[in-house]
Amino acid sequence: YLAMFPEQRKLDKLFSGAWFSANYDTWIGEPEETAGWNYLARVREFLSDYERGKKQAPSPEALSEAFQYMYFAEGSDWFWWYGADQDSGNDAYFDLGFRQLLAKVYESLGESVPTFVHVPIIAAAAAEAQQQFTEPFTPTIDGTAAQGEWAKAGMLGFSGGAMGRAEDLLTELFYAADSKNLYVLVNAKNDWSSLPAGKLSLYVDSPKGSGGLGVTRNSQAAEAPFLLGFNASHLVEFDLASGTAQAYTAGASAWVEAPAELNGAAGARALELAVPMSLLGELQAGDELKLAVVLSDGERDLQGLPAASPAKINLPELGNTEWILEVADPEGDDHGPGAYLYPTDGVFKEGVLDVLNFKVGLSETDMAFAFSFRGPIENPWNSGSNFSVQTMDVYIDKDPGAGTGSRVLLGGRGAALSEGNGWEFAVWNEGWTPNVYAPDADGKLNPVPGASLKTVVNASTNTITFRVPLTLLGDGDPRSWAYAAMVLSQDGFPSPGVQRVRDVQKAE
């Protein structure tokens, strides 16, 4: 081709991108994707010792086979399914296949497979709680759970079923939080004294953690490690005999002691523990924690609760928000201009798009927006934000009446602010791709760099609350700003030019 057409146009800049997008977001940027690349790099570094002759392979054929498995693992399709931006319906299957290829690199060379390869990159789905954590409270840490003291906590019970073992001692795990601490209560069917060297370890994955390990401290060097089902960033180990606790953080390959002021107490069959938020990274409403407890006797791990997947706690409002605006909305007006009907799919239950109340709030670091609905808040399509059906827009006018900013709302809304009004920021929240937008001088709407939203779903009150950092919104007093809110129906496959909201079609 070049011989036939030697004169070619020169490209001064080759823009990064993929066949379907102008970036590499599908393969990088999310915690699962980062973990996958780290796994791949560690195995490739191990293999490079054989490639450079630092280690001798059993045979040229063995080395060739190891490289073949390495090349398979380096295929980009594995990383397509990590993170929340793509969903195969069974991402854990691809995670297992990816890690099996990495294991084969070691096995081809007669080496033991290191522990990290056994640890899933995609955490096991959160265990189903029998009782939901609804609002913050502060229990008394004395090893005795008073009647009703933990009624507002989340709770998971142990169900051994036919596979239950005599050594399974734990029966219930309660978890809660307030603005200062994460709290757990663990109940047992027999006295703790039945374990002379008993320890109860709380493993927590915090979004503010700097690393993660998916195995217990007892088994971190074992050939058959005790898997947590998720990568934990923090560990608090309580010695049942002495009543003392020690904190740890996840290092590169082992748990490392960390200073912390811990408060714990064990009664005959109950253990209560308070873990300071400062240890976990000064968490805020909307942050998600994964946690599990493991009971051990000496160096032997006996039982995990939950058994194979973590409990999940989405931190609610912790009492540090000042609500500066509240607007009530009439019930039963979820029909658009007057004649819109819900889709007929069963996920669109009555009232799921009928907002009853909208609030704007402030904390020291964030601006909060809360939407309360008549219908239930559910997650039928398994988004990472714990809701699926609703989409919410909030438009912020920082100088009301000045006519600055953009009048036209986000794509596909088919609406604009009245003349003389304009918005400087649009906060868009949906289950998969929430973002913050701002118009440029030419009126083009651009994502705000570094924007992030933290979302809290309270299913018991049918409320979705989300926060954005105040630093994103620039100077000014939010109390003097104007706000417009909108509720729409989410759609991941809309018409061209429509920004992920459901089309309205004429009824046949």
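Strand β12 pairs with strand β14 (residues 311-314) in the antiparallel sense over 4 bridges, where pairing requires at least two bridges found by DSSP and strands are DSSP runs (E, at least two residues), numbered from the N terminus, as are helices (H or I, at least four residues). Within this pairing, L289 stands opposite I313 in β14. The model is predicted, so local features need pLDDT of at least 70 and side-chain atom pairs pLDDT 80 or more, whereas totals for chains, interfaces and linings use all residues. Residues are numbered from 1 along each chain as its sequence is written, and side-chain values use heavy atoms, without hydrogens and water.

Strand β4 (residues 198-205) also pairs with β12, antiparallel and over 8 bridges; D205 has K290 of β12 as its bridge partner. A hairpin with 2 residues between its strands is formed by β12 and β13, and G298 in the turn has a positive phi of about 65 degrees. Because 8 of the 10 residues of β12 (residues 288-297) are buried, this strand is largely enclosed by the rest of the structure; buried denotes under 20% relative accessible area, exposed over 50% and partly exposed in between (1.4 Å probe, protein chains only).

The structure contains 25 aromatic pairs, defined by Phe, Tyr or Trp (six-membered) ring centres within 6.5 Å, with planes under 30 degrees apart stacked, over 60 edge-to-face and the rest tilted. The rings of F46 and Y50 are edge-to-face because their planes lie at 70 degrees, with centres 5.5 Å apart. Both F46 and Y50 are buried.
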